[in-house]
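Here are some exercises to work through with the structure in view. Try each one yourself before reading its solution.

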Amino acid sequence: MNIFRLAGDVCHLVAIIILLLKIWRSRSCAGISGKSQVLFAIVFTTRYLDLFTVFISPYNTIMKVVFLALSYATVYLIYMRFRNTFNSENDSFRLEFLLVPVIGLSFLENYAFTPLEILWTFSIFLESVAIMPQLFMITKTGEAESITTHYLFFLGLYRALYIANWVWRYHTEGFFDQIAVVSGVVQTIFYIDFFYLYVTKVLRGRGKMTLPMPV
């Protein structure tokens, strides 16, 4: 495993832990899109169906279990434990706009027309757009707490590091996964504007990131 993948996995894990700690310590899930978290739970579930049939390494197995557990814990906190603090009115992105195209694309573009392979492809495509309900929610409200933006920053950094990982693997191993690379690039593009706002506003000490509202 190269340093870029390891750093990417760490950033991904840090992002999820930041979100969980934010919810648990504040006893509130205000400003967090439950729909995005449900999509991420679906991503991990469909991607890791081989958990009990394919063994790659202890690290791989442990990370799969951790991501599954943390994603479902996040969904539980939002929709069960602290559901009274969840603002469903602002979390209004229509998931069918994501799920229908992703499902269709998974059947059209895959490496093998088998259930596990189609579900794996589905998870890759879905992950590339799963953050959209959260970004839509921030755009709708016009601001985001700094802790939520830290979560998004580490999530975006994870994707950027994975692009570096694919470049490294291509040059050292000749490995190229077209589906994963294209989806990862698409997902990273969603974060570009956010990164700019994060650096120029959040890192300068503001408590919240306020987005420019349309005239």
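**Exercise 1. Work out how H4 and H5 meet.**

Start with the handedness: H4 and H5 make a right-handed crossing. A crossing is left-handed if the near helix is turned anticlockwise from the far one by less than a right angle, and right-handed if clockwise. Helices (H or I, at least four residues) and strands (E, at least two) are DSSP runs, numbered from the N terminus.

Before going on, a word on the ground rules. This is a predicted model, in which local features need pLDDT of at least 70 and side-chain atom pairs count only at pLDDT 80 or more, while totals for chains, interfaces and linings use all residues. Residues are numbered from 1 along each chain as its sequence is written, and side-chain values use heavy atoms, with hydrogens and water left out.

Next, the geometry. The axes of helix H4 (residues 96-108) and H5 cross at roughly 140° and come within 9 Å. Axes are lines fitted to C-alpha atoms, for helices over the stretch in contact, and angles run from 0 to 180 degrees between N-to-C directions. So H4 is oblique to H5; angles under 35 degrees count as roughly parallel, over 145 as roughly antiparallel, 65 to 115 as roughly perpendicular and the rest as oblique.

Now find the residues. On the H4 side the contact (heavy atoms within 4.5 Å) is made by Leu98, Leu99, Val102, Ile103, Leu105, Ser106 and Phe107, and on the H5 side by Ile118, Thr121, Phe122, Phe125, Leu126 and Val129. Sorted by class, the contact of H4 with H5 has eleven nonpolar, two polar and no charged residues. Here Ala, Val, Leu, Ile, Met, Phe, Trp, Tyr, Cys and Pro count as nonpolar, Asp, Glu, Lys and Arg as charged, and the others, Gly among them, as polar.

**Exercise 2. Describe the packing of H1 with H3, then follow Arg81.**

Begin with the helices: helix H1 (residues 3-26) and helix H3 (residues 58-81) have axes 10 Å apart and an angle of about 25°. H1 is therefore roughly parallel to H3. H1 passes H3 in a left-handed crossing.

Then list some partners. Among them are Asp9, His12 and Trp24 of H1, and Asn60, Thr74 and Arg81 of H3. The residues of this contact divide into 16 nonpolar, three polar and three charged.

Finally, Arg81, which is found in helix H3. Arg81 touches Trp24 and Tyr76, not counting residues up to four places away in sequence. Arg81 and Ile23 are 58 residues apart in sequence, and their C-alpha atoms are 10.0 Å apart. With a relative accessible area of 43%, Arg81 is partly exposed.

**Exercise 3. Step back to the whole chain.**

Count the elements: the protein has eight helices and two strands. In sequence order they run α-α-α-α-α-α-β-α-α-β.

Then look at the totals. Of the 215 residues, 45% count as buried. Among contacts between residues at least 6 apart in sequence, 76% join residues at least 24 apart.

Last, check the record. An unreviewed UniProt entry lists residues 6-24, 36-56, 62-80, 118-138, 150-168 and 180-199 as "transmembrane region". UniProt positions are given in the numbering used here, feature names are shortened, and annotations may be inferred rather than shown by experiment. In the model, residues 62-80 are 100% helix and 0% strand, with end C-alpha atoms 26 Å apart. Residues 150-168 are 100% helix and 0% strand, with end C-alpha atoms 27 Å apart.

Conventions
Buried < 20%, exposed > 50% of the residue type's maximum accessible area, 1.4 Å probe, protein only.
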